[in-house]
Amino acid sequence: PISVEIPSDPAALLAGVRGVERNMVDHTSVMMCPVQTFDGYAKVASAAIAEFRKVDERRKKEKEAKSKDRQGKDANPKERRSSEAATVSGRAKINPKTGQASTRDVRMQFEEEQYRKNRYGDAKLDISEYGGGLGSAAAGEEGQIDPQAEAELAARKELEERRRLKMEKRAKDIEKKRAREKEEKRAEHKKRRAEEKRYHKPPIVLMSPGFGCIINKYNAKLFLEKGEFQHWEVASERNSGNRANPTQSVNRVFNRSTAPVKYKITEELPKSPDDWKRVCAVLVTGKKWQFKQFPKDQFKGLAESNFSNLFSKLCGFYFHYTSDPVPKDVQQWNVKRIGIDKNNRHKDTIAFRDFWTKLDEFLAEKRKRGDFEIAY
């Protein structure tokens with residue numbers, strides 16, 4: 001049994017009940033608060049609390065009756081402000097005459113708020129901030145604020161502010177990290193797409209303009225695709241005498257079982273360094289003037305008519321009739337010489353296979369050195 005002296009004054013009784021409530025601040029969680037102490041005190045003082053509640057209800061009814069009588073009339077601004085100030089957020093309401101709140105409302109609001117905040121580890125456990133009237137009860141009749149309570153409140157606010165700033169900084173750091181990762185992924189994707197686009201561009205085979213080579217723009221496409229050789233005059237007549245396009249596409253099917261590979265054959269020299277990296281072969285005529293317009297900064301020794309560096313980077317081919325002699329300059333160059341019979345067309349396949357086989361061997365060695373990245 002609990003022995004408690006019940007004050008006759010309802011205000012003193014209410015202050016005693018709130019004193020029990022303030023003891024709950026010392027606990028770390030609202031679920032661990034000694035509610036049984038509060039309940040025991042409340043049972044002893046139930047009669048006086050019930051009487052206080054009846055008086056409070058009667059006053060509320062009187063106030064509601066007065067407000068109904070004033071319906072349709074403009075309220076005094078001072079009265080309206082005092083009426084608005086009489087109600088605080090939440091469940092607890094302040095009596096405008098006594099300046100204190102209902103004990104039951106204060107306790108219910110406190111327990112609900114603390115239970116909700118405790119789920120997220122942010123419970124404040126300070127009942128004095130609920131109900132509006134508890135501050136005056138804790139301060140006593142003189143209305144003075146307890147310095148210890150004020151210091152504790154300031155310490156809690158400072159701790160909450162530090163926690164808020166820490167969470168904001170952490171959120172900003174996470175956002176910056178995600179933005180940086182997103183930008184890196186975008187740059188990597190852009191770089192990969194550029195490499196794929198460059199990788200899938202067709203290799204280039206340069207032809208000599210004019211008719212100095214027996215393989216030129218009139219008969220090169222038919223020979224490189226199907227291995228059928230035609231003299232350029234015959235091929236021009238079959239084309240109704242129309243001028244052949246100096247730039248054409250060749251679909252290579254020889255030794256490519258999965259899918260044909262597209263090559264570009266052209267008389268026009270590339271205009272950019274990236275396009276020069278796609279050049280894999282050149283059909284030579286045996287004349288030095290053919291390389292006059294080649295970029296000398298990419299092929300060392302070209303200005304002095306030294307073609308060793310040129311044919312180490314490009315696979316040179318010299319097509320000639322088997323009955324014709326090979327020029328002396330071509331014999332000194334590092335080029336592949338392929339002979340074509342003038343009359344026996346069944347031998348064209350040998351020259352056709354010889355061209356693609358030697359080109360593959362040259363590009364395979366070049367790729368090992370990292371000098372050729374185009375799909376061939």
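The exercises below work through a predicted model of one protein.

**Exercise 1. Overall make-up**

Determine how many helices and strands the protein has, and what share of its residues count as buried.

Solution. 
- Step 1: The secondary structure consists of 13 helices and 6 strands.
- Step 2: The protein has 376 residues, and 32% of them count as buried.
- Step 3: The accessible surface is about 24800 Å², with 49% of that area belonging to carbon and sulfur atoms.
- Step 4: If contacts are taken between residues at least 6 apart in sequence, 57% of them join residues at least 24 apart.

**Exercise 2. Confidence**

State the mean pLDDT of the protein, and find what pLDDT residues 28-38 have.

Solution. 
- Step 1: The mean pLDDT is 77, and 72% of the residues reach 70 or more.
- Step 2: For residues 28-38 the pLDDT is below 50, although the model gives this stretch 20 contacts beyond near neighbours in sequence.
- Step 3: Residues 123-143 also have pLDDT under 50, and here the model has 52 contacts beyond four places in sequence.

**Exercise 3. The setting of Asp360**

Decide whether Asp360 counts as buried or exposed, and list which residues Asp360 touches, leaving out those up to four places away in sequence.

Solution. 
- Step 1: Locate the residue: Asp360 lies in helix H13, which spans residues 348-368.
- Step 2: Asp360 has 13% relative accessibility.
- Step 3: The cut-off for buried is under 20%, so Asp360 counts as buried.
- Step 4: Beyond four places in sequence, Asp360 touches Arg252, Asn255, Arg256 and Tyr376.

Definitions and conventions
Residues numbered from 1 in each chain as written. Predicted model: local features only at pLDDT ≥ 70, side-chain atom pairs only at ≥ 80, totals over all residues. Heavy atoms only, no water. Helix = DSSP H or I, 4+ residues; strand = E, 2+ residues; numbered from the N terminus. Buried < 20%, exposed > 50% of the residue type's maximum accessible area, 1.4 Å probe, protein only. Contact = heavy atoms within 4.5 Å. pLDDT = per-residue confidence, 0-100. Areas by Shrake-Rupley, 256 points an atom, 1.4 Å probe, with all protein chains shown as cover.
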